[in-house]
Amino acid sequence: MAGDEGNRKLECLAAIATGIIVFSLGFEFGKERLYDNTSETMKPIITALFSELTTLGFIGLMLFVVFQLEWIGDLSENLFEDEEAWTG
């Protein structure tokens, strides 16, 4: 039973990782195709749009990592006397 649960978790992890990779590759190919089929006057706008998406993705990733840290609840409790203030 315990081995089945471990295999199930591994399969789920592999499926999620595969999905992320496929989505990322599709996004990159779509971005290149859009950029190649865009007029020269619109290319700076497309470049700015994708750089904003990259920045927002990085900020989102950093916030996810911070909220997954176990000690963030202790820090929140020490600063605000409420464990849920920072952890949601």
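Under the ring-pairing rule, in which the rings of Phe, Tyr and Trp (its six-membered ring) pair if their centres lie within 6.5 Å, the count comes to one aromatic pair. Phe27 and Phe50 form this pair, which is edge-to-face, with 5.6 Å centre to centre and 80° between the planes; planes under 30 degrees apart count as stacked, over 60 as edge-to-face and the rest as tilted. The pair links distant parts of the chain, since Phe27 belongs to helix α1 and Phe50 to helix α2, 23 residues apart.

The model is predicted, so that local features need pLDDT of at least 70 and side-chain atom pairs count only at pLDDT 80 or more, whereas totals for chains, interfaces and linings use all residues. Residues are numbered from 1 along each chain as its sequence is written, and side-chain values use heavy atoms, with hydrogens and water left out.

The protein has four helices and zero strands, and its elements run α-α-α-α from the N terminus on. Helices (H or I, at least four residues) and strands (E, at least two) are DSSP runs, numbered from the N terminus. The protein exposes about 7500 Å², of which carbon and sulfur atoms supply 66%; accessible areas come from the Shrake-Rupley method with a 1.4 Å probe, and for residues only the protein chains shown count as cover. Buried residues make up 8% of the 88 residues, where buried means under 20% relative accessible area, exposed over 50%, and partly exposed in between (1.4 Å probe, protein chains only).

Phe50 counts as buried because its relative accessibility is 10%, whereas Phe27, with a relative accessible area of 37%, is partly exposed.

The loop between α1 (2-36) and α2 (43-68) contains Thr38. At 15% relative accessibility, Thr38 counts as buried. The side chain of Thr38 reaches the backbone oxygen of Leu34 at 2.4 Å. Thr38 also touches Lys43 and Ile46, not counting residues up to four places away in sequence; contact here means heavy atoms within 4.5 Å.

Thr41 is found in the loop between α1 and α2 as well, but Thr41 counts as exposed because its relative accessibility is 66%. Its side chain is joined to that of Ser39 by a polar contact of 3.2 Å. A polar contact is a pair of N or O atoms within 3.5 Å; within protein, one must be able to donate a hydrogen and the other to accept it, and residues adjacent in sequence count only if both atoms are side-chain atoms.

Lys43 lies in helix α2 and is buried, with a relative accessible area of 14%. A polar contact of 3.1 Å joins the side chains of Lys43 and Glu40. Leaving out residues up to four places away in sequence, Lys43 touches Tyr35 and Thr38. Lys43 also lies over the face of Tyr35, at 4.8 Å from the ring centre; a charge sits over a ring if NZ of Lys or CZ of Arg is within 6 Å of the ring centre and within 35 degrees of the ring normal.

In helix α3 (residues 71-80), the buried residues are Ile72, Gly73 and Ser76. They lie on the same side of α3 because they cover an arc of only 100° around the axis, the arc being that of the directions from the helix axis to the C-beta atoms. After α3 comes Glu81, whose phi is positive, near 55°.
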